[in-house]
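Please keep the sequence and the 3D view at hand while reading.

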Amino acid sequence: MWARRKISVVESQPGQWCGTAIILVTVMSACAFLLSDSALPLLALANLPMLIQGSRLGSLKGILVVFALQLLMTSLFYLLLYGWQSLPQAALVVFRLLLALIPGWWLSARFAPEQLGSSLARVLPSKWAFVLAATLSLLPHIQREAMEIYRLQCLRGAPITKRALRNPKNWLELGPCLLFPLLIELMKLSRQQALAAKSRHFGTHPKPTHWQAPEDL
Amino acid sequence: MTPLLSLDSIDCAHKDGEPALLSGISLSLHAGECHCISGATGAGKSTLLLLAAGLGGVLCQGQICVQSGVTRALVLQDPHTQLLRRTIGAEVAFSLENLGIEPSQMPVKVRRALQRVGLDLPFGTQVATLSLGQKYRLMIAAQLVSEPGVLMLDEPWAQLDDEGVRSLTALLMKLKAEGMALLLVEHHADAFAELIDHYWTLKAGRLTASEIATQAEPQPCFIPSTAFFQSPNAEVRLTSPGFTLQHSQGEALFESPALEVNAGELVLLCGTNGCGKSSLLSMLAGCGDATGLPVSVMGKTPELGTFGYNLCYLMQRPNRQLFEMTVEAELSYSLKRYGLPQERGARVMNSLQIAGLAQHSPHRLSYGQQHLIALASLVCLEPKVFLLDDPFAGLDSVHSQLVVNLLQQLRARGCTLIIATHRPMALAQSQTWHIRNQRLEVEYVGQT
């Protein structure tokens, strides 16, 4: 049976802003690392509209999970190396990472991969543009993938369930049980997608063109 | 007549020095012909298909000739890993982009390809909202748009329900009549019998012509067992007064009546692609999006991490359940975590005849072999409740029967099995749960 699900149709998005958005996102992500601590609240304010629009287009849960995990791991690392006085510093580092991540996350939710690819191809070789666009498009996928792996690993007995994580001894299990498998899964997916792209003539034409979603025929 | 595609004396191996995977393979495909290759799980069928499509990453000797101007198209087993775009219009247009077709010419070509596969939906339709059967058609459309002369499909039967297979057969008949050459890799060749002109068997690396397969692939056979579930003292493993299961977006999938399943029961969960079978199993395992439903499994509300090794869940696409670097490590992971005897892993590998793969990377094995590894890693935990989502997908009849034998052993020890499948099967089940018209109907089988 193949026509039972509720089909969702998206309006074609204007692609002319995609190039501008890529530049904006690059600048904002760079600012997250380059600005002084005192300027970070302003940058956070600038990120707010992206956060609001991005949460309407996709789920905010993933980015919050990434933030929580990153905060946990970094705090633990700082605590072990520099003592508890360094925890505010750890929080600041994670805050900067979050501010660097939000623009890219918004970009991947707001623009379709072909729009990103088309814009990037103006300044990059077409193969690079495809790979970069595919990578950006993977960002929302990583969130789903991480959740799925988390569930699978809990079923396999990894001590990373909510209850198990109450014990700080188990926090270090997040690396081998969640982050490494996520990396393996993404590598596997990249290989499979490379094969899928190759099976559809990727790399055969020196100047690939780009799909522009028309009004439906 | 010159063949559209010919393979001549192909020998190949994954690595230098390894035994030959394919040896002396010769095959010619002419316009309007359909060839079907069958063979045991892990025999090298998918490798041969990749090679024929010009995508093989293996060391190879011999000659592959493609008629000038003919393009080859390949649809792999799992549509999820082949979809690169968000909307169906962009997905189908991807080939055209790579061929440098002018954007103004694309919409007509994309629309025509979608119409050919019966997926005449708006270009902006989101790929994620399509059912598995629709995604498979989309993959075919994405290949047809570049007007290939040869179309290759890797085990379509396993991905589709019966209606999906019928629709696909009708489509392939049409393409064949138009002069396209078709190459199928399929355990269940009988399902496409009206289409196939030449049957081949791949065994020990050699391809040999076989007789026309008039007999269906034998179905795995369960021995009826009533030892546990009819006993008055049988332990209740699953109970519910009834519930409505919803999709993560809030859409109702189906309504269920009261359910009760005892130790040692085998429940067959049947329904077409996208009806909610996997969502139900995920909910029972405590890892679905639906929570708070009045369902009790082993006396507890399903929640992640509640059941330990007493509940195991083999998901669809089991290759996603493999994370370790060797097959042996994969099997010992959960045994170690749960403090269970390590020797169980070797025992189960022997039972499934996969002991020879112990030191292989699970990520480089065939779809069917990965399926077996994922299953073996769960069987060795000897759970009390075992949920299996399409456990026979991608397996030949020999390995399907080996899987059945293992499940039978678990059942004899009191394990409750719930097996989801696209199509009804006779597995000596005690209950069959049919999901149709958004309702789950319970049929009790063989109970007095």
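Predicted model: local features only at pLDDT ≥ 70, side-chain atom pairs only at ≥ 80, totals over all residues.

A salt bridge links the side chains of Glu173(A) and Arg337(B), with 3.0 Å from N to O. Side chains of opposite charge can pair when their charged atoms come close. Between chain A and chain B, the count of salt bridges is three. Polar contacts between chain A and chain B come to 21 residue pairs, with both residues at pLDDT 80 or more.

Which elements of chain A give two or more residues to the side that touches chain B? They are helix H4 (87-110), helix H5 (113-120), helix H6 (126-155) and helix H7 (174-198) of chain A. Of these, H7(A) gives the most, with twelve residues. In total, 59 residues from chain A and 78 residues from chain B take part in the contact. About 6300 Å² is buried between chain A and chain B, and 56% of that area is on carbon and sulfur atoms.

Another salt bridge to look at is the one between the side chains of Glu330(B) and Arg156(A), at 2.4 Å from N to O. Glu330(B) belongs to helix H8 (residues 327-337) of chain B, while Arg156(A) sits in the loop between H6 and H7 of chain A, so this pair joins two chains.

The buried residues of H8(B) are Val327(B), Glu330(B), Leu331(B), Ser332(B), Tyr333(B), Ser334(B) and Leu335(B). After H8(B) comes Gly339(B), whose phi is positive, near 70 degrees.

H7(B) is mostly covered, with seven of its nine residues buried. Those buried residues are Lys277(B), Leu280(B), Leu281(B), Ser282(B), Met283(B), Leu284(B) and Ala285(B). Gly286(B) follows H7(B), and its phi is positive, near 80 degrees.

The next stop is an arginine in a loop. Arg85(B) is found between strand E5 (72-75) and helix H2 (88-98) of chain B. Why does Arg85(B) count as buried? Its relative accessibility is 9%, and buried means under 20%, so Arg85(B) falls in that class. The side chain of Arg85(B) has two polar partners to follow in the view. One is the backbone oxygen of Ala90(B), reached at 3.5 Å. Another is the side chain of Glu97(B), with which the side chain of Arg85(B) makes a polar contact at 3.1 Å. Leaving out residues up to four places away in sequence, Arg85(B) touches Pro113(A), Glu114(A), Ala90(B), Glu91(B), Phe94(B), Glu97(B) and Val127(B). Pro113(A) and Glu114(A), in chain A, are among the residues that Arg85(B) touches.

How many salt bridges does a search of the whole structure find? Over all chains, the search finds 15. One of the pairs within chain B is Arg237(B) with Glu235(B), whose side chains meet at 3.2 Å from N to O. Arg237(B) is buried, at a relative accessible area of 6%, whereas Glu235(B) is partly exposed, at 39%.

A further pair in chain B is formed by the side chains of Arg436(B) and Glu441(B), which meet in a salt bridge at 3.0 Å from N to O. Here Arg436(B) counts as partly exposed because its relative accessibility is 41%, and Glu441(B) counts as partly exposed at 30%. Salt bridges can also share partners: in this way Arg344(B), Arg347(B), Glu382(B) and Arg413(B) are joined into one network.

Leu42(A), Leu45(A), Leu48(A) and Ile52(A) make a nonpolar surface patch of about 400 Å². Among them, Leu48(A) has its place in helix H2 (residues 40-57) of chain A. Leu48(A) counts as partly exposed because its relative accessibility is 42%.

Notes. Residues numbered from 1 in each chain as written. Chains lettered and ligands numbered in written order. Heavy atoms only, no water. Patch = residues over 30% accessible without salt bridge, like charges linked within 9 Å, V, L, I, M, F, W, Y side chains within 5 Å. Areas by Shrake-Rupley, 256 points an atom, 1.4 Å probe, with all protein chains shown as cover. Salt bridge = Lys/Arg side-chain N within 4 Å of Asp/Glu carboxyl O. Helix = DSSP H or I, 4+ residues; strand = E, 2+ residues; numbered from the N terminus. Buried < 20%, exposed > 50% of the residue type's maximum accessible area, 1.4 Å probe, protein only. Contact = heavy atoms within 4.5 Å. Buried area = accessible area lost by both parts, 1.4 Å probe. Polar contact = N/O pair within 3.5 Å; in protein donor to acceptor, adjacent residues only side chain to side chain.
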